[in-house]
Amino acid sequence: MSSHQGIEGLPNSGGGKIIAVHLNYPSRAAQRGRTPEHPSYFLKPWSSVSGTGGTVERPAGAELLAFEGEIAIIIGSAARRVRVKDAWQHVSGVTAANDFGLYDLRSADKGSNVRSKGGDGYTPLGPSVIPVEQIDPAALRVRTWVNGVVAQDDTSDTLLFPFAQLIADLSQLSTLEPGDVILTGTPAGSSVVVPGDVVEVEVDAPTAPGTPTSGRLVTTVVEGTEPFGGFGAKPAVDDHQRIEAWGDAAAAGLPAPAEPPTAASPAEPLDPAVAEHLASVSTATLSAKLRARGYTEVFIEGVQASRPGTRMVGVARTLRFVAYRPDLFAERGNGFNAQKRIFDTVESGEVIVIEARGERGTGTVGDVLALRAQQRGAAGVVTDGGIRDAEQVAAFDLPTFSQGPHPSVLGRRHVPWETDVAITCGGATVLPGDVIVGDGDGVIAIPRALAAEVAAEAVVQEAEDAWIAEQVRGGAAVDGLFPLNAEWRARYESEQGR
């Protein structure tokens, strides 16, 4: 049903903009597993508007029609580049809205929501508009009932982005005109409805004098009879969409998905004296000392510093990517995924080491995540894949080592899979807590138990090498000097006072 009858006080019955906010309630953000830094939006056509007492069709062949009870803001006067503190004066009132959506067509929209949320009757509004003079915008309540049972109940004082911020933000680029409608987001509790269900939404101001209310916006779900034609995308769902639509796996009748591994506790910090020794010696010397102990596969092959002269010492935190697959990326690639978790939890003195299977054909870290690691005091980032935003990352104080720059985003080749596990980066096994050292020759991974003794031996070795270099500069031949034979060693030890 697309009739506008029964919407009392809505000034624009001839069409206008309907702008909807993706995420705005903390309860819904928690349900989705991501909290946006800024509001984001999509448009709904005016032809989707209907009034109370109407019906909404679940198309033939579709499964996942979901309701979203919301507070709708009605613009009363034109707003263009308004300030947040002045924004509310451009509102004439608020009313109830139901932002119906068809999860079966989300894949066809690729985020635009044109088909999944733009159908006739998919935006019921009303039945009455509460005048702005009667309400405090931070003291509104939205409730939704399905077949008489409360499904959603939340208040506007919890919003991530208050109404005035939304108006000011939108008006930076587009003039908001009288009669335009802003759907301000839905709280947790949105779920699937089926033909025969009755959904009611009410917005009220329970603490205002007289408890003004929009009245209940009533919509009945009906079954469509016309099948989709063969000239466009047809309904398609998977278990991921079922869980998203129903709200959780149990409601969808599915087993709970495996929880992504949580980040392990940060490794014990490196002893400052050991760190100082490691910072003073080269990876070449460290490699030689490890090789003498039988450790030959400790060099992370193929990686170079983003900035010449970089030195890095720290304790490993690990991140593993697996090869891209659409179903796996849908499961693990979105929200607060493994990649974001490790960059958001890395501690001072830790190096994030990324297993990207040597795939340099996409970025595995970019400027925002690198900046986050720097702000948290990370000692560096190592990846056997590529780096996006390479020039910006190179300009940071954060040491970074990679196979080189690449502009592509993560989902081209990788799925962020797990953190703080054993990985293979550039041919070297790296365990959480291993000691990572990098310089102009590359990066080496030292087993934690060997770090102190290897560092001490390397310091001694480099002092000896420096003395040998002085002799060579003085004209000495290297035969017998490098390495020291008995005669040269006796001279060296004598000069050292041994």
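Trainee: Which residue of β7 is the bridge partner of A72?

Mentor: In this predicted model, A72 has T95 as its bridge partner in β7. Residues are numbered from 1 along each chain as its sequence is written. Local features need pLDDT of at least 70 and side-chain atom pairs count only at pLDDT 80 or more, while totals for chains, interfaces and linings use all residues; side-chain values use heavy atoms, without hydrogens and water.

Trainee: What makes β6 and β7 a pair?

Mentor: Strands pair if DSSP finds at least two bridges between them, a strand being a DSSP run of E of at least two residues, numbered from the N terminus. Strand β6 (residues 69–75) is joined to β7 by 7 bridges, and the two run antiparallel. With strand β9 (residues 123–131), β7 has 4 bridges, also antiparallel; there, A96 stands opposite G126.

Trainee: Why is β7 called largely enclosed by the rest of the structure?

Mentor: Buried means under 20% relative accessible area (1.4 Å probe, protein chains only). Of the 8 residues of β7 (residues 91–98), 7 are buried, so the strand is largely enclosed.

Trainee: What makes a set of residues a nonpolar core?

Mentor: Its members are buried Ala, Val, Leu, Ile, Met, Phe, Trp, Tyr and Cys residues joined through side-chain atoms within 4.5 Å. The largest such core has 30 residues, and those with the most contacts inside it are I71, W88, V94, I167 and L176. Elements giving two or more residues to this core are β6, β7, α5 (163–170) and β14 (198–204).

Trainee: Which residues does W88 contact, leaving aside neighbours within four places in sequence?

Mentor: Contact means heavy atoms within 4.5 Å; the partners of W88 include I73, V94, F163 and I167.

Conventions: Buried means under 20% relative accessible area, exposed over 50%, partly exposed in between (1.4 Å probe, protein chains only).
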